[in-house]
Every structure is written in structure tokens, then in C-alpha cells.
Amino acid sequence: MKRAHNFSAGPAALPLEVLEEAQKEFTLYGDSGSSIIELSHRGPEYIEVDAQARERLSGLLGLGDEFEIMFLQGGASHQFMMVPFNFLDKDKTADYINTGTWSKKAIKEAKLFGNVNVPYSSEEQNFNRVPESSELKLSGKAEYVHFTSNNTIFGTQFSKEPETNGVPLVCDASSDFLSRPLDMKKYGLIYAGAQKNAGPAGLTIVIIRKSFLEKGKKEGIPTILNYNTHVGTMFNTPPVFGVYMFNKVLGWIERKGGLEAIAKRNEAKAKVLYDEIDADDFYAGTTEKTSRSLMNATFRLKDEALEKAFLAEAEKHNLNGLKGHRSVGGIRASIYNACEPESIEALVSFMKDFRSKNG
Ligand SMILES: *Cc1c(COP(=O)(O)O)cnc(C)c1O
């Protein structure tokens, strides 16, 4: 067996370099006499890993002193509840932009805690686009504006942050976190499950602006769900393996030249794939072109039988994970940071071949 070209939406491909580094030191970490996952999270080895991950993340995103980083668990789905628990109540409002399944789930949880205004929804168009800022009907009294930067299932992505007239953004960045630089001054809070673009499942990265945290509730929140509990201290055992792997992924991004360089690489990769999708009518992109995701490219073929054949044939060519989400069907190629340009070349070459045999 050899490693396949992996287009899985999540958990997803990790850089081979990172996996090999981890493999090499998995049973014996440094001179500790143990694996890193067998050591106390308060011991010097793990403390060093944790600190390095924070420093690297801060450097890559340019966080400065205004932000706190938290390494939590529970996935992005947990943050759907934790954000409104901390920042909403019955006499407060938040604006939630609805651009897909994950946005809807975030909205559902927020409604348990306070008032939710939806300034824009693409649901009636089967979530095939994200809005221009001019289309947003903001409430004007929101504690925050929540958006999903990349819609993993539908294959759309905000090319830049929505304009909010100074209201802090809260972002579910699970599926494009660290794929490009961010304009941090617009954000109050960013959360991301690691398993799409940053590491293994089990780690959730939360970045919060200190002044935003100040505006959150201080009481009436279970201790572990209060963001204040996690600032500047390890409240309980963090997902040590996740943080350890995340730190290695951050090191890999640094070696690639940082987020500007990663963004250029991702743009180039996506262009090669979309050019092939657009070459003629054999493949049909499912989203508006200006809303296309650089992380998850979604497309369809003439009918489901042909799509089934495409997927089966692709697997034979060592191209894995291309099946669209069960709720939408079709094909989805997830091409996160760790998806190498060679994998895109292999996919595109297969697509050309499949077209010429079936077109
Ligand atoms: C995968 C995903 C989620 C769900 O993440 P979990 O870690 O499984 O809770 C939420 N939002 C987006 C944008 C995702 O891609």
C-alpha cells in the first residue's frame, strides 16, 4: 500500500513531514523516557510544546497582546453553544449570517440564550453563495456578528471579512483556519476545530480579544464553559496530543513561508482545479464563482450514476475522499493546506481522462 491522494473534508490530510516527525519521536520524546502523550500536562516537556504552539500561532496571525489563545475540546460544535452562553442573554442580540449547515447549527444554539437576527441567508439558493457586505441587514445593536468563513459542505467561502461597522466578528473558521492571513482587528473571537486544516481531531483552537472577553457574562455560566476560566491557565487537562501535532503543523507553515505564502499556494492549487471544472459542461461547479471556496471545491456530473462511476474510478487511481457531503451529494475535493499541488495535478489529470472516456 502507498499513501493516497487524500481529499477528505475532515479529519483531513496532514503534512507528511509532520506525521513522520511524530512517528519518529512517538515512543520516546526527547530525553523524557516516555511518549509526549504519557507525560503530565504540567511537566516541562508538555509546557514547552504548549508555549511554542502559542508563540507560533501568535506570530503567524500577528496577534500581539490584545488576544488570548485557548486550546479547548468539544469541537466547533461546542463553540456554537459556548459563544452565546458567554455573550448573549434575553435582552441581548447577535447577528448570525446564514451561509450553510454549520451556520444554521450555530444559530440554533444561540437562540437558546438570546435574540438572533439573521442579516443574510442563502438558504433559498441552497447555500450556493456568500453575501457582499452591502447585502447584510445588520440589526445595529448586535453584541457580535457571527459568520462561517468557509462553508465546508457547500463549497463557498468569504473572500474577505464581512463589514460590520465596528461590531466585533465572531468566526467559525474550522475549515479555512491558517489557510490565509486574517485582518485580526475585525475579530472579537475566532474558533476552529483542528481536524480540517490544523491538526488531529480533539483540539479546538479559540482566539479571543481581551476587550471582547471583558464584555462577556461573568456569572451564571458553568465554570468549564466560561471563557475566563481558560485564560492564562490550564483549567483541566488539555488535548495534549492535539496541541503537540498542532505545534508541528504550525512549524510546517512557518517553513512554507507563513500565511501569505500558504495563501498563494492555496490560490494556485484551487485555480488549477476550478479551471478544469470550468473547461466545459462535463463538470459543473455548484456555487457562484465569486463565492467559491479555495478549500472545498464542489461539483456535479450529468447524473448520479456517472458520479458514482467517477468516485469508484477515482479510488482505483488512489484519489480518496471525493464524495460530497451526505446532505448534498455530488463531488467534493477538499484541498486544505496539506493537500500538495501534486495531488491536485493527479486529480485534474484523472478528471481529463474520465471526461474523455465518458463525455
Ligand atoms: C467540521 C465543521 C464543524 C464541526 O466541527 P466539529 O469539530 O465536528 O464540531 C463546524 N463548522 C465548520 C465550518 C466545519 O467545517
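Modeller: Happy to, and please keep in mind that this is a predicted model. Let's start with a pair of strands: in β10, the residue that bridges to Y191 is V206.

Biologist: Nice. In which sense do β9 and β10 pair, and over how many bridges?

Modeller: They are antiparallel, with 5 bridges between β9 (residues 187–193) and β10 (residues 204–209).

Biologist: And what is the strand order in the open sheet?

Modeller: The order is β2-β10-β9-β8-β5-β3-β4, which makes 7 strands with mixed pairing. β2 (67–72) and β4 (115–117) are the edge strands; each has a single partner strand, so one side of each has no neighbour in the sheet. From one strand to the next, the twist averages 20 degrees.

Biologist: Remind me, what holds strands of a sheet together in general?

Modeller: Strands pair through backbone hydrogen bonds, in either a parallel or an antiparallel way.

Biologist: Back to this one, then. How do β3 and β5 run, and how many bridges join them?

Modeller: They run parallel, joined by 3 bridges. Y96 is the residue opposite H146 of β5.

Biologist: What is the bridge partner of H146 in β8?

Modeller: That would be V170. β5 and β8 are parallel too, with 4 bridges joining them.

Biologist: Is β5 largely enclosed or left open?

Modeller: Largely enclosed by the rest of the structure, because 6 of its 7 residues are buried.

Biologist: Which helix lies across β5 and β9?

Modeller: Helix α3 (residues 75–87) does, and it also lies across β2, β3, β8 and β10. Relative to β9, α3 runs at about 155 degrees.

Biologist: Now α4. Which of its residues are buried?

Modeller: In α4 (residues 101–110), S103, A106, I107 and A110 are buried. Those residues cover an arc of only 100 degrees around the axis, so they sit on the same side of α4. What covers them includes α3, β3, β4, β5, β6 (150–151) and β9.

Biologist: Changing topic: how many disulfides does a search of the whole structure find?

Modeller: The search finds 0.

Biologist: Okay, so what about C171, buried or exposed?

Modeller: C171 is buried, at a relative accessible area of 2%. C339 is buried as well, with 3%.

Biologist: How far does helix α10 reach from its first C-alpha to its last?

Modeller: α10 (residues 341–358) has 18 residues and reaches 26 Å, close to the 26 Å expected at 1.5 Å a residue. Its buried residues are S343, I344, L347, V348, F350, M351, F354 and R355. They are on the same side of α10, because they cover an arc of only 160 degrees around the axis.

Biologist: And what is on the other side of α10?

Modeller: There you find E342, S356 and K357, which are exposed.

Biologist: What do the buried residues of α10 pack against?

Modeller: Their partners are β1 (5–6), α8 (258–277), β12 (296–300), α9 (304–316), β13 (319–320) and β14 (331–334).

Biologist: Last one: where is I37 found?

Modeller: I37 is in the loop between α1 (16–24) and α2 (44–61). I37 is partly exposed, with a relative accessible area of 40%.

Biologist: What is I37 in contact with, leaving aside its neighbours within four places in sequence?

Modeller: With those set aside, I37 is in contact with F26, V240 and F241. As for K137, which is 100 residues from I37 along the chain, the C-alpha atoms of the two are separated by 48 Å.

Biologist: Great, thanks for the tour!

Key:
Residues numbered from 1 in each chain as written. Predicted model: local features only at pLDDT ≥ 70, side-chain atom pairs only at ≥ 80, totals over all residues. Heavy atoms only, no water. Pairing = 2+ DSSP bridges. Helix = DSSP H or I, 4+ residues; strand = E, 2+ residues; numbered from the N terminus. Axes fitted to C-alpha atoms, helices over the stretch in contact; angles between N-to-C directions. Contact = heavy atoms within 4.5 Å. Buried < 20%, exposed > 50% of the residue type's maximum accessible area, 1.4 Å probe, protein only. Arc of directions from axis to C-beta. Disulfide = S-S within 2.5 Å. Expected span 1.5 Å × (residues − 1).
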